[in-house]
Amino acid sequence: MPSPPPGVSAADFATALRKFETAVGEQWVFKSDEDAALYRDAYSPERDEPTERLASAAVAPVTVDQVQQVVRIANEHKIPLYPISTGKNLGYGGSAPILSGSVVVDLKRMNRILSVDAGRCQAIVEPGVSYFDLYRYIQERDLEVWIDTPDPGWGSVVGNALDHGVGYTYGQYRDHFGSHCGMEVVLPNGELMRTGMAALANDAAWADYKYGFGPYVAGLFGQANFGIVTKMGFWLLPRPEAYRRGTVSVPKRRDIVALVEHVNYLENLGLIGMPGFRSPLGFAQAREPDLRALVAKPGGPSDEELDRFAESKGIPSWSVELQFYGPEKTIAGSWDYVQQRIGASIPGARFEEGVVYRFPLTVEQQAEVQRVHRLVDIGVPNMSIFAIAGGRTAQNPDSADGGQFYFAPMIPRTGEAILEANRVLGEAYRDAGLPYNQYFSAPACWHYRAFIMITSLPVSRLNPEINRRSRAAFRAIAQVAAEHGWGEYRSPPFGVDLVAGAYSFNDHALRRFCETLKDAVDPNGIIAAGRGGIWPKHLRGSRA
Amino acid sequence: MRTTWLSVLTLVCLAGAGAARAQPPEHDAQLAQGKRVYDYWCVPCHGPGLGLPGFNALPGTQQLEIKYRGTNVSPLLEERTDLVPEFVKVIVRQGVSFMPQFRKTEISDAELEAMAAYLARNNPPVR
C-alpha cells in the first residue's frame, strides 16, 4: 500500500484506489512502490533528494469514460491527479507529477488515431499517440501529408502541444499548440467539454476552424491544470513537392543585426521554414587557440577584435541555414531572391547551396538525408537528438550517468537582442560557475516570432551535487533573465513558480486570474497541482 | 523500491548464461512478439544506421560502441550473445544513463519478457 497523497487519509486513499480499479481494471492501477517508481522523472535534477517529485500511484484509463470516472472518484476523495500523455517530456518533468504524492493519470493506452484527412490536411488523435505512431500511420497509407515533429519522435502529439512544444518546418506548424484545432477535455468535475467546432453537436468540422463561436478557451489547457485533454485536432502540412536548403554567411559580428532582419522578413512572408542560426567563428574556438585566448582575456574581446580574427582566418562570424518547402521551381526562385536581397545588403555575405530533395523520398534517399542534416527538418521523427544528452564519452566510457534539463528564455527576434542576451546571460552563467558560449551562442527559432536562448543544464543520476548546482544556476539565471524581460517558455517542475512568478505585471494579475479560474472550475484542486505555476487554494502556501 | 546498480550486477552474475535451451513451440511466437516490441521501442535508439550529422550511429548504439570499444562485444543489441533476460528487464524498468525507464503502459511485463527472450536468443546453450 503506497503512502497517501498529502492531506488524504490512508483510508480514503485505499478506497479511491479500489474505485479506480473498478473503473479501469485492477491491472491498470499501479500502486506498488516498484510500479510507482516507473513514473519517476528520469531526468530529475532532484533525484534521490527529499524534494524529488514522486507519484503515490498511477492509473491508466483507456477510454474517455474511464477518465471521467477517475476524475469523479478523485473529486470524491480529494485525490490529486497528474495527467501525462506518453510521459516523455524529458527535461521538463517526464512522467512525474509536480506535487509529490499525486496519482499519475497515464494516458498512454489512449492511443487511437481517430482520423487523418489528407485532403483537409488534418488529424484528430488521442494523448497516447506518439509522433512515430502518426508518422507510420501516414506512411502506411501513403497519405500526402506531413507532420511537424519535435526532436524525440516518441513524444505525444497531444502532450507536446499542451506543453507548447515545437518542431522544425513552417512557423504555423512548428508551433504545436498553435497548430492544434479543437480539443476534447474532461473537466475537473468529470464533465466532458469540447472547444471550437468540436463543440457542435455535429463535429464534422472539428479540425477546420479553431474558434467556433465565443471565447477561445483552448489556451487554458496548455501548461495548465483546468482539465484532462482526451482528444485534439491538428493541422498537417501538405507534402511539398521539394525541399531546398541554403546557407548564408556574414563576415562581421554586428552583421547579425541585418541578417536577422532579412530572415525575419523571409519568414514573415512564409518563404522559409525554421532558420538555423550558427556562429562558425564560435565553432572555430575548438581548433583556434588564439581565438580561445582572445575570448578569455580580461574584459573579453571587442567586436573589432573578433572581426579582425574572423577576417584573418576567413571565418564568417554568423551563418543561417534556410529551409524552403514547396514547388521545386518556386523554392529555387526563393533561394535566388535570398541571394539577391542579402547580397545587396550585407557586404561580404556568402551563399552556399544546400541539398535539394523531391518527395516522396525512397528509403535509400532518406538514409542519405541523414548524412547531411536532421530528419526532423523534413518531418521524419527519430531519436537522434539523444546523442547530445550526455552519457558515456571516450574519456568516461563506463559512465551510467546522463540527462539534462533546460533553461529556455524568450528574447526579442532581433540581432541586437542576441548580442545583449549573450552578454547578460554570459555574465550570469559565469557568476553561477557554469560555462556559456558568451560571444557566439545563437538562438533557437522554434517559436517563430521570438528567439529562444536555450541552454541545457546537466543532471546526474549519481551525483546530487551536480543537480544542486544546476538548480541553483537555473534559479539565478532565470532571475537575471526576468529582470531583462526574458521569461521562459517552459520549465522543469522545480522551476514552475519561479518562471510563472516572472510574469508579474500588475502584482501578478495573470497568476491571480488563473487562480480565480482554478478555484471556480477545480474547487477541490485535484488536477495537476502546480502546473503552469497554478496551485489550488489549499496548496498556495507550498509552491514548488 | 530502488534496485541499486550493485544489485543489477548481482542479477547478471546470478542469472548466468542465457536462455537458449530446448524450447517449447510457443517460444517462436514469443520471440516474434519480442522482436515486434524491440523494433517499436528500442530500434529508434539501438538500431543500425546513422545518427545526427556528425554521429556515425544512433544514440544508443553510439553509447554502446563507446562502452565496448576495443572488445568483441557488438554495440547492436540484436547481435549480442551475452544478454541475460533479467539484466535486460532491469535496464528497461530502471533506465541507464540518458535512457529513461519504461512504464508498464508502454511495455507490459509480458512484452518485456518476450523482448528479453528475443535479445537472449543468440546466447550459447547453458552447460
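Trainee: Which strand do two bridges join to S1(A), and how do the two run?

Mentor: Strands of a sheet pair through backbone hydrogen bonds, either parallel or antiparallel. Here, two bridges join S1(A) to strand S2 (residues 57-59) of chain A, and the two run antiparallel. Strands (E, at least two residues) and helices (H or I, at least four) are DSSP runs, numbered from the N terminus, and two strands pair if DSSP finds at least two bridges between them. A:Val29 stands opposite A:Val59 in S2(A). Before we go on: this is a predicted model, where local features need pLDDT of at least 70 and side-chain atom pairs count only at pLDDT 80 or more, while totals for chains, interfaces and linings use all residues. Residues are numbered from 1 along each chain as its sequence is written, and chains are lettered from A and ligands numbered from 1 in the order in which they are written.

Trainee: What is the strand order of the open sheet in chain A, and which strands stand at the edges?

Mentor: The order is S1-S2-S4-S3, four strands with mixed pairing. Strand S1 (29-30) and strand S3 (81-84) of chain A are at the edges; each has a single partner strand, so one side of each is left without a neighbour in the sheet.

Trainee: Is A:Val248 buried or exposed?

Mentor: We count other C-beta atoms, placed from the backbone, within 10 Å of a residue's own: 20 or more is buried, 12 or fewer exposed, and in between partly exposed. A:Val248 lies in strand S12 (residues 242-250) of chain A, and it counts as buried because it has 25 C-beta neighbours inside 10 Å. Leaving aside neighbours within four places in sequence, its contacts (C-beta atoms within 7 Å) include A:Leu259, A:Val338 and A:Phe351.

Trainee: At what angle do H2 and H6 of chain B pack?

Mentor: Axes are lines fitted to C-alpha atoms over the stretch in contact, and angles run from 0 to 180 degrees between N-to-C directions. Helix H2 (residues 26-41) and helix H6 (residues 109-119) of chain B pack at about 95°, with axes 7 Å apart. That makes H2(B) roughly perpendicular to H6(B), a label for angles of 65 to 115 degrees.

Trainee: How many residues does each chain bring to the contact between chains?

Mentor: Chain B gives 29 residues and chain A gives 42. On the side of chain B that touches chain A, helix H3 (43-46) and helix H4 (59-67) of chain B each supply at least two residues. The largest share, five residues, comes from H4(B).

Definitions and conventions: Parallel < 35°, antiparallel > 145°, perpendicular 65-115°, else oblique. Contact = placed C-beta atoms within 7 Å.
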